[in-house]
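Morning, everyone. Please have a look at the sequence and the model on the screen, and then I'll walk you through some local features.

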Amino acid sequence: MGRLVINNSMSVNGAFEAPVPEPDGWLVLDADSNQVSLEQFFAADAMVLGRKTYEGLAAVWPQLANDPGLAQFAEQMNSMPKYVASRTLREPLAWNATLLEGDLAESVTALKHRNDRTLVAVGAGELADALIAQGLVDEFWFWVSPSLWPVGPRIFDGIGPVRLELIGSTTFSSGVVRLAYRPAPDRQDEAGVEIAPEG
């Protein structure tokens with residue numbers, strides 16, 4: 001059975017939207033952390049996206065296929081199957097994507113059963129909030145750039161409480177830190193009822 005991972009880049013103070021590289025934005029790109037990120041995407045079976053994230057990424061990554069610095073990443077991103085949660089989009093979808101239909105929890109759980117490895121959910125919008133609220137997320141991967149950013153919404157603002165357990169961390173020479181968490185086994189829902197950890 002596969003695991004669902006939410007994967008996000010952000011600044012130290014939680015800015016996550018429109019990650020523009022330095023010097024115009026907060027995102028720090030370096031060869032070492034990019035390589036680790038690429039390896040994780042190579043180990044994944046598919047991506048799970050909300051409509052806005054899907055439309056944004058689908059407009060950018062196909063154009064990067066011939067970029068010398070991003071060609072390998074773009075090849076993987078463009079070829080991976082994508083599953084998109086949307087109330088407004090209709091099939092067929094571009095960019096090797098398929099629409100998730102029906103109840104979100106049922107469709108994502110079915111995806112986990114059909115895949116043996118990682119399903120990467122990219123973004124921190126409505127879909128991510130729903131996945132967290134329904135206890136469907138097995139791990140969180142945060143790529144923290146060493147910047148404080150003054151504008152924009154903050155990641156997962158209004159979500160929780162969800163107690164997390166640190167399962168890994170990597171610090172790169174650029175100052176980027178990768179943090180990996182999973183929901184703590186003793187986390188509780190809003191009613192105070194203990195939720196068993198996902199397998």
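Leucine 70 is partly exposed, because its relative accessible area is 26%, and this is a predicted model. You find leucine 70 in the loop between α2 and α3. What does leucine 70 touch, leaving out residues up to four places away in sequence? Trp61 and Leu64. Now look at leucine 38. The C-alpha atoms of leucine 70 and leucine 38 are separated by 10.0 Å. Along the chain, these two are 32 residues apart.

Stay with the helices. Helix α1 covers residues 31-42. Helix α1 and α3 pack at an angle of about 25°, and their axes are 10 Å apart. Angles under 35 degrees count as roughly parallel, so α1 and α3 are roughly parallel to each other. The crossing of α1 past α3 is left-handed. Who makes the contact? From α1, it is Asn34, Ser37, Leu38, Phe41 and Phe42. From α3, it is Gln72, Phe73, Gln76 and Met77.

On to the aromatics. How many aromatic pairs does the structure hold? Eight. Let me show you two of them. Tryptophan 61 and phenylalanine 73 have ring centres 5.6 Å apart and planes at 35°, so this pair is tilted. Tryptophan 61 lies in the loop between α2 (51-60) and α3 (71-79), and phenylalanine 73 lies in helix α3, so the pair ties together parts twelve residues apart in sequence. Buried or exposed, tryptophan 61 and phenylalanine 73? Both are buried.

Next, tryptophan 143 and phenylalanine 172. Their ring centres are 6.3 Å apart and their planes are at 20°, so the pair is stacked. Tryptophan 143 is in strand β6 (residues 139-145) and phenylalanine 172 is in the loop between β7 (164-171) and β8 (177-183), so the pair ties together parts 29 residues apart in sequence. Tryptophan 143 and phenylalanine 172 are both buried.

There is also a cluster. Ring pairs link Phe140, Phe142, Phe156 and Tyr181.

The charged end of lysine 82 sits over the ring of tryptophan 95, 4.0 Å from its centre. The charged end of arginine 178 sits over the ring of tryptophan 141, 5.3 Å from its centre.

Now the backbone. Most residues other than glycine have a negative phi, and most peptide bonds are trans. Phenylalanine 156 is in the loop between β6 and β7. Phenylalanine 156 is buried, because its relative accessible area is 14%.

In that loop between β6 and β7 you also find proline 161. A cis peptide bond joins glycine 160 and proline 161, with omega about 5°.

The loop between β3 (82-85) and β4 (97-100) holds proline 92. Glutamate 91 and proline 92 are joined by a cis peptide bond, with omega about 0°. Asparagine 96 is in the loop between β3 and β4 as well. Its phi is positive, about 55°, although asparagine 96 is not a glycine. Asparagine 96 counts as partly exposed, at 42% relative accessibility.

Last stop, glutamate 17. It lies in the loop between β1 (3-11) and α1. Glutamate 17 is partly exposed, with a relative accessible area of 47%. Leaving out residues up to four places away in sequence, glutamate 17 touches Trp26 and Pro153. Glutamate 17 and isoleucine 155 are 138 residues apart in sequence, yet 8.6 Å apart in space, C-alpha to C-alpha.

How values were computed:
Residues are numbered from 1 along each chain as its sequence is written. This is a predicted model: local features need pLDDT of at least 70, side-chain atom pairs count only at pLDDT 80 or more; totals for chains, interfaces and linings use all residues. Side-chain values use heavy atoms; hydrogens and water are left out. Rings of Phe, Tyr and Trp (its six-membered ring) pair if their centres lie within 6.5 Å; planes under 30 degrees apart count as stacked, over 60 as edge-to-face and the rest as tilted. Helices (H or I, at least four residues) and strands (E, at least two) are DSSP runs, numbered from the N terminus. Buried means under 20% relative accessible area, exposed over 50%, partly exposed in between (1.4 Å probe, protein chains only). A charge sits over a ring if NZ of Lys or CZ of Arg is within 6 Å of the ring centre and within 35 degrees of the ring normal. Axes are lines fitted to C-alpha atoms, for helices over the stretch in contact, and angles run from 0 to 180 degrees between N-to-C directions. Angles under 35 degrees count as roughly parallel, over 145 as roughly antiparallel, 65 to 115 as roughly perpendicular and the rest as oblique. A crossing is left-handed if the near helix is turned anticlockwise from the far one by less than a right angle, and right-handed if clockwise. Contact means heavy atoms within 4.5 Å.
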